[in-house]
Structures are given as structure tokens and as C-alpha cells.
Amino acid sequence: MRFMMLMIPKGYETAPPGTIPDGEAIDAMTKYNEVLQKAGVLLALDGLHPPSMGARVSFAGGKPTVKDGPFAEAREVLGGYWMIQVKSKEEAVEWAKRCPAGDNEVIEIRQVQEMEDFEPSVGKERYARTRAELERKS
């Protein structure tokens with residue numbers, strides 16, 4: 001089973017452009033990432049720049065509208081993520097509990113939808129082809 005562990009740092013929604021964690025936090029997180037990798041559960045990971053450097057595209061009435069960050073209405077935003085492959089949600093929770101997160105950080109764990117979660121359809125076949133193509137490229 002694949003799970004995303006989503007890092008939600010409180011206060012990041014108002015962080016100015018270019019904000020990054022301090023060196024001590026980066027060092028601790030790098031060690032944690034190495035443990036995930038050595039255990040064979042880590043599939044992908046990335047940190048994200050603050051919303052002040054991002055944009056949102058909404059589709060009200062089917063028309064795309066772009067709004068540059070920061071986003072005043074945002075209360076929680078992502079600071080980064082890990083994609084892990086484990087046997088259960090409980091195992092994902094155990095990995096998240098080992099993270100050297102700070103007092104202002106929360107990790108949300110979400111299971112990734114897999115092909116077997118969906119009913120057979122044309123869309124499912126297209127999705128499977130797209131996933132296979134992506135896996136060949138990586």
C-alpha cells in the first residue's frame with residue numbers, strides 16, 4: 001500500500017518567498033529520510049516552497065482563473081511530503097511518529113488510490129496506461 005505523509009507546518013501559509021527550514025532542522029530531516037530509504041519504504045519526497053511563491057487555478061463555471069499566492073483564506077498548507085510503501089496504515093503512522101517534526105508541524109497520512117480501488121471502465125484503462133508510462137520513465 002502506498003501512503004503520502006503530508007507535512008503541514010503551522011504558520012507556513014504566511015511565510016515570505018524563499019523561506020526554508022534552518023540547518024539543524026534540515027540535518028535532522030535528512031537523517032530521517034535516510035532511515036526511510038534504508039528501510040526500503042521511501043518512494044519519493046520533496047519539500048515545497050511557501051504559498052507566497054505559488055499559484056492556485058480554480059475552475060468556477062468551467063473557466064480557469066489564476067490567483068497568485070499568498071492565499072489569505074488558507075489556514076493549513078503543505079510544506080512537503082513523503083510517498084512511502086508499507087503494509088498498512090498503522091505502519092505508515094509508526095513511520096510518521098518517528099519524524100523529527102517541530103511543535104508547529106503536523107503530518108497527515110493519506111492512502112493513495114490504487115487501480116484495484118476502482119470499478120472497471122475506459123478511464124481506468126487510460127489511467128493504467130499513463131501510470132505504466134510514468135513508471136517506465138522513472
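Which residue in β5 is the bridge partner of Met7? Select Met7 and look across to β5: the partner there is Gly80.

Before going further, a word on what's on screen. This is a predicted model, where local features need pLDDT of at least 70 and side-chain atom pairs count only at pLDDT 80 or more, while totals for chains, interfaces and linings use all residues. Residues are numbered from 1 along each chain as its sequence is written, and side-chain values use heavy atoms, leaving out hydrogens and water.

Now select residues 2–9, which is strand β1. Helices (H or I, at least four residues) and strands (E, at least two) are DSSP runs, numbered from the N terminus. Seven of the eight residues in β1 are buried, meaning under 20% relative accessible area with a 1.4 Å probe, protein chains only.

Strands pair if DSSP finds at least two bridges between them.

Pick out Leu6 here, and you'll find Glu108 of β6 opposite.

Finally, zoom out to the chain. There are three helices and six strands, in the order β-α-β-β-β-β-α-β-α along the sequence. The C-alpha trace spans about 45 × 45 × 25 Å along its principal axes, and 27% of the 138 residues are buried.

How values were computed:
Buried means under 20% relative accessible area, exposed over 50%, partly exposed in between (1.4 Å probe, protein chains only).
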